[in-house]
Amino acid sequence: MTNENLDLKKMITLYVSAGMYQEYQQQAKKTGRKAAELIRDAMDEFSKNNFHKKQKLGSMDFSNGVKLKAGVIDFLEDDWRNDFLDSGVKL
């Protein structure tokens, strides 16, 4: 890794179980990559799948009742409007 690449990364300390780290080491050996690289890839994938996606309204809990103010439908984007209607929220 060059110094240029290090400037773009943040070093962290991460504690994992010995078994998990051994799995990453074994996979690294099989693929010719470093365990740290595989762990970074796994963290990137987790981030993409959990932090950067819009949550669908159908997966949200509206059991406590949701009341939207009058006229709010005019401000919802089309995809959000459809999500509200599909999830049973009355607009």
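A residue counts as exposed when its relative accessible area is over 50%, as buried when that area is under 20%, and as partly exposed in between. The model discussed here is predicted.

**Accessibility**

| Residue | Relative accessible area | Class |
|---|---|---|
| Phe46 | 46% | partly exposed |
| Phe51 | 56% | exposed |
| Gln27 | 37% | partly exposed |

Phe51 is classed as exposed because its relative accessibility is 56%, and the cut-off is over 50%.

**The aromatic pair**

A search of the whole structure turns up one aromatic pair. Its members are Phe46 and Phe51.

**Helices H2 and H3**

Helix H2 spans residues 18–31 and includes Gln27. Helix H3 covers residues 35–50. The axes of H2 and H3 come within 8 Å and cross at roughly 110°. H2 and H3 are therefore roughly perpendicular to each other. From H2, the contact uses Tyr21, Tyr24, Gln25, Gln27, Ala28 and Thr31. From H3, Ala35, Leu38, Ile39 and Ala42 take part. What is the make-up of this contact of H2 with H3 in nonpolar, polar and charged residues? Seven are nonpolar, three are polar and none is charged.

Gln27 and Leu38 both belong to this contact. They sit eleven residues apart along the chain, and their C-alpha atoms are separated by 8.3 Å. Gln27 is partly exposed, at 37% relative accessibility.

Notes. Residues are numbered from 1 along each chain as its sequence is written. This is a predicted model: local features need pLDDT of at least 70, side-chain atom pairs count only at pLDDT 80 or more; totals for chains, interfaces and linings use all residues. Side-chain values use heavy atoms; hydrogens and water are left out. Rings of Phe, Tyr and Trp (its six-membered ring) pair if their centres lie within 6.5 Å; planes under 30 degrees apart count as stacked, over 60 as edge-to-face and the rest as tilted. Buried means under 20% relative accessible area, exposed over 50%, partly exposed in between (1.4 Å probe, protein chains only). Helices (H or I, at least four residues) and strands (E, at least two) are DSSP runs, numbered from the N terminus. Axes are lines fitted to C-alpha atoms, for helices over the stretch in contact, and angles run from 0 to 180 degrees between N-to-C directions. Angles under 35 degrees count as roughly parallel, over 145 as roughly antiparallel, 65 to 115 as roughly perpendicular and the rest as oblique. Contact means heavy atoms within 4.5 Å. Ala, Val, Leu, Ile, Met, Phe, Trp, Tyr, Cys and Pro count as nonpolar, Asp, Glu, Lys and Arg as charged, and the others, Gly among them, as polar.
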